[in-house]
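Subject: Structure for your review

Dear colleague,

Please find the sequence and structure below. My notes on what was found follow directly after them.

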Amino acid sequence: VDKIQAPLLIGQGANDPRVKQAEADQIAFSMKEKGIPVEYVLYNDEGHGFARPDNRIDFNGRVEKFLQEHLGGRAEPFEKPAGSTAQFPLLEKDKQLS
């Protein structure tokens with residue numbers, strides 16, 4: 001984390017056997033504490049790679065929006081698909097602290 005300088009988008013499947021959620025949590029929360037731009041999306045019903053179509057569509061839309069915000073250019077308007085299970089641990093922790 002100490003060497004990360006660019007904004008980072010993290011997409012994590014909670015059931016990923018290769019990259020544990022705790023590792024994604026550690027990176028995301030450390031970056032936020034250091035003031036490094038980070039967005040963290042957690043899909044609680046996914047593993048390593050997103051198998052559910054609504055979650056794939058959701059994450060692809062978030063990638064497009066993230067790239068547009070940080071690199072410039074255009075992006076289609078984003079609407080979360082009805083079946084997406086996207087959660088936002090960084091935002092949820094902020095709500096708990098409020």
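In which helix is Asp-58 found? Asp-58 is found in helix H2, residues 53-71; helices (H or I, at least four residues) and strands (E, at least two) are DSSP runs, numbered from the N terminus. Please note that this is a predicted model, in which local features need pLDDT of at least 70 and side-chain atom pairs count only at pLDDT 80 or more, while totals for chains, interfaces and linings use all residues. Residues are numbered from 1 along each chain as its sequence is written, and side-chain values use heavy atoms, with hydrogens and water left out.

Asp-58 is buried, its relative accessible area being 0% (buried means under 20%, with a 1.4 Å probe and protein chains only). Beyond its neighbours within four places in sequence, Asp-58 is in contact (heavy atoms within 4.5 Å) with residues including Val-41, Tyr-43 and Ala-86.

The strands form an open sheet of three, ordered S1-S2-S3, with mixed pairing; two strands pair if DSSP finds at least two bridges between them. Strands S1 (8-13) and S3 (86-87) are the edge strands, each pairing on one side only. S1 and S2 (residues 38-43) run parallel and are joined by six bridges. Helix H2 packs on this sheet and touches S1, S2 and S3, its direction making about 175° with that of S2; axes are lines fitted to C-alpha atoms, for helices over the stretch in contact, and angles run from 0 to 180 degrees between N-to-C directions.

Yours sincerely

How values were computed:
Buried < 20%, exposed > 50% of the residue type's maximum accessible area, 1.4 Å probe, protein only.
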